[in-house]
Amino acid sequence: MPDLAKRLQNVQISPSAAMTAKAREMRARGINVISLANGEPDFATPRHAIDAAYQAALSGDTKYPPQGGTPALKAAIARKFKRDNNLDYGPDEIIVGNGGKQVIFNAFMATVDPGDEVVIPSPFWVSYADMAKVAGGVPVTVSCPQNNGFKPRPEDLEAAITPRTKWVMLNFPGNPTGAVPSRTELAALGEVLVRHPHVWIMSDDMYEHLLYDGHRFSTIAEVTPALKARTLTVNGCSKTYAMTGWRIGFGGGPAQLIRGLFNMQGQATAGVSTVGQAAAAAALDGPQGLVEEHRAIYEQRRDLVVQMLNAAPGITCHRPEGAFYVFPNLAGCLGKTSKGGRKIETDTDFVAALLEEKHVACVQGAAYGLSPHMRVSYATDTASITEACGRIQEFCHELS
Amino acid sequence: MKLIADRLDRISPSLTIAMTSKARALKASGKDVIGLAAGEPDFDTPQNVKDAAIAAIQRGETRYTDVAGTPELRKAVAARFRQDHGIDYKPEEILIATGGKQVIFDAFLATIQAGDEVIIPTPCWVSYPDIVQLAEGTPVFVRGDENHGFKLRAEQLEAAITPKTKWFLLNNPSNPTGAAYSAAELKALTDVLMRHPDIWIFTDDIYNKLAYDGFRPATVLEVEPRLRDRTVTMNGCSKAYAMTGWRIGYAGAPAHLIKQMDKLQSQSTSNTSSISQAAAVEALNGPQESIEVMKVAYKRRRDMVVEMLNAAPGLRCHKPEGAFYVFPSMQACIGKTSKGGRKISNDEAFCLALLEEEGVACVHGEAFMYPGYFRISYATSDEQLKDACTRIQRFCQGLH
């Protein structure tokens with residue numbers, strides 16, 4: 001038998017995708033599963049984006065797209081970066097990928113040689129580490145303590161950077177914690193990075209518009225302009241415009257780096273669906289009122305989830321500034337036994353028992369590099385959230 | 001700081017870029033340029049397919065799907081494989097990707113270790129060797145002779161196999177020649193492969209719906225089912241259904257390989273567009289008449305182009321079985337000078353002079369690892385083709 005490459009041996013399938021698939025499979029068997037595992041808005045894609053997609057399909061805009069994105073979408077992205085982030089990117093400094101994930105994947109594949117280090121504040125979106133590994137890189141995590149609101153401290157970042165560091169990842173609001181540093185805190189991280197000119201910076205701003213309690217968004221290339229020449233600013237339409245299925249992510253960065261991403265994408269998938277690109281341009285340029293409407297709803301849900309989880313015995317839940325996740329601590333539940341007789345030694349045990357006995361799907365903190373926690377997504381309707389949190393409370397009450 | 005990873009440095013810059021940018025510049029300057037360089041159907045996506053996409057958007061199918069594709073599309077792909085080729089694939093043996101290109105990328109990155117060899121018959125699509133090199137493999141080129149219809153002979157394949165051979169990659173019908181293998185021709189190759197149990201087989205069947213004069217391109221597994229546990233059968237919607245911009249490719253392969261490809265895809269792009277997947281279900285399950293309509297036009301065009309090119313002094317054009325390309329030899333023109341005073345030293349000089357002097361854009365053979373020839377795509381209107389071939393005849397008559 002022919003064999004497989006070692007490249008993927010240490011790479012795992014995305015755990016939230018695995019949990020989502022498991023929940024979908026249980027649902028197909030007729031079980032009433034509520035999934036809080038998805039990082040996906042429950043809202044519908046805005047009407048004007050849908051209309052633009054219709055028009056594109058009907059008018060025959062169904063031919064091979066330019067590999068790096070259509071000129072119309074790139075222009076809309078340039079306007080977005082200027083409007084929201086006060087960043088100027090020209091057409092050769094922008095690339096459109098199949099989701100933000102591909103932009104990040106391309107960036108690593110285009111730049112990381114075996115042994116290069118990628119510094120990732122932890123807890124973190126696991127795919128960062130897996131993508132770095134596919135490229136032969138070594139993920140180096142920087143622990144972000146809960147008592148600092150899950151945000152990285154400048155001295156910890158400084159200590160993690162070595163001569164082999166190729167990239168530093170920044171993701172605010174962060175998946176899975178929802179943490180958002182203030183502008184001053186971000187500038188302090190920028191000061192560290194300015195001292196290390198050999199390091200590339202990736203700012204994954206996918207959750208930019210989901211901020212609460214009056215927090216304002218800032219991104220590193222804007223806060224520390226000296227870093228712009230070696231920063232890749234990643235964003236997309238999935239979370240802001242409820243367009244996960246359309247697969248539209250994009251990046252802004254120096255032309256030479258964008259060229260590398262472009263070359264990589266040319267060999268992996270070529271361009272992105274033309275219909276999706278037409279929808280994305282309309283979403284970026286169109287009325288932004290829905291974004292604020294959704295944000296306000298998410299804020300109410302966050303408050304609901306935090307309050308209900310904190311009422312569950314054994315769980316303490318930090319209240320995050322952004323995104324649509326909370327990342328409660330489960331320390332008070334460990335060592336106990338569930339009603340169904342399952343021993344809860346780890347967060348993985350907790351989410352497995354919760355799924356089996358109460359049919360609520362969450363993702364264990366171990367998958368994000370911090371235990372004993374779990375990630376709860378509140379990107380689902382309020383009734384389901386209330387029902388799911390009620391089941392979690394019940395599950396915790398029954399622990400003995 | 002070193003920007004680009006070694007893996008990208010291994011990829012050769014595209015040989016077609018000079019030609020396409022020149023064509024674009026000429027067009028922009030107002031010159032009447034006929035493009036015969038693009039590898040995509042000139043037909044529009046069938047209306048029933050567009051309608052299915054629009055209906056999917058209206059049903060709210062704008063969310064993440066399973067990374068490997070929706071159950072509906074995997075089922076439709078399985079049904080197509082069964083109906084068209086008598087191959088039975090289970091859902092877990094099927095993967096949906098962002099274009100056929102991503103299937104190749106996923107399969108090679110999942111299996112190729114540094115130094116592994118991939119046997120590629122030439123002339124070949126440029127991306128094959130590039131993706132092999134990106135995965136740190138070594139392309140091994142085996143020349144398909146023109147007097148054998150550009151097809152590989154069994155003894156050539158046998159001679160190319162070494163202990164380092166990881167894959168045999170077949171494109172049937174072929175880009176750029178249109179050459180296609182009958183069941184008997186293919187059996188001679190699979191007999192060789194049966195003797196070498198450690199080799200994976202990749203069959204790129206993306207053009208297999210497009211063959212003329214009653215010719216039926218065979219695929220590996222219908223000829224030799226015993227190769228099933230080490231064959232990837234790739235196909236897609238781009239060529240058969242004029243859906244290049246929708247980005248839908250798919251593969252059938254043994255479950256353990258699909259699992260690895262799924263894993264890589266989960267970390268690089270996730271699912272391909274949910275809307276495009278819905279469109280693809282309709283393309284595969286719906287009425288297939290649009291293919292017949294396109295085939296009638298392609299056959300008529302092929303016959304005209306072959307006849308007109310063979311009437312041009314210095315050109316020799318083999319009549320291929322399928323796809324929408326012809327690959328004429330221009331070797332008899334080498335050493336001559338064009339009317340405009342350009343020296344025709346090779347196939348690239350020929351194509352550049354043809355573009356400058358007659359405004360016809362083709363791709364030179366060197367770009368397909370096969371100098372002395374050039375590729376013409378006849379996926380354009382009859383009038384345009386006639387005009388272009390007349391210009392080519394005039395250009396060749398002017399050579400001295």
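In chain A, the centres of domain 1 and domain 2 lie 25 Å apart, taken over C-alpha atoms. The model is predicted: local features need pLDDT of at least 70, side-chain atom pairs count only at pLDDT 80 or more, and totals for chains, interfaces and linings use all residues. Residues are numbered from 1 along each chain as its sequence is written, and chains are lettered from A, ligands numbered from 1, in the order in which they are written.

Domain 1 of chain A covers 6-44 + 290-397, and domain 2 covers 47-285. Such bounds come from an automatic or database domain assignment.

Now the boundary between them. Here 33 residues of domain 1 of chain A are in contact with 29 residues of domain 2 of chain A. Contact requires C-beta atoms, placed from the backbone, within 7 Å. On the domain 1 side, α11 (289-310) and β9 (325-326) of chain A each give two or more residues. Helices (H or I, at least four residues) and strands (E, at least two) are DSSP runs, numbered from the N terminus. The largest share, 5 residues, comes from α11(A).

Next, the chain interface. 60 residues of chain A are in contact with 62 residues of chain B. Elements of chain A supplying at least two residues each include α1 (15-28), α4 (99-111) and α9 (255-268).

Ile291(B) sits in helix α12 (residues 289-310) of chain B. Ile291(B) counts as partly exposed because it has 18 C-beta neighbours inside 10 Å; buried takes 20 or more, exposed 12 or fewer, with C-beta atoms placed from the backbone. Beyond neighbours within four places in sequence, Ile291(B) is in contact with Lys209(B) and Ala240(B). Lys209(B) is 82 residues away along the chain, yet its C-alpha atom is 7.6 Å from that of Ile291(B).

Definitions and conventions: Two residues are in contact if their C-beta atoms, placed from the backbone, lie within 7 Å.
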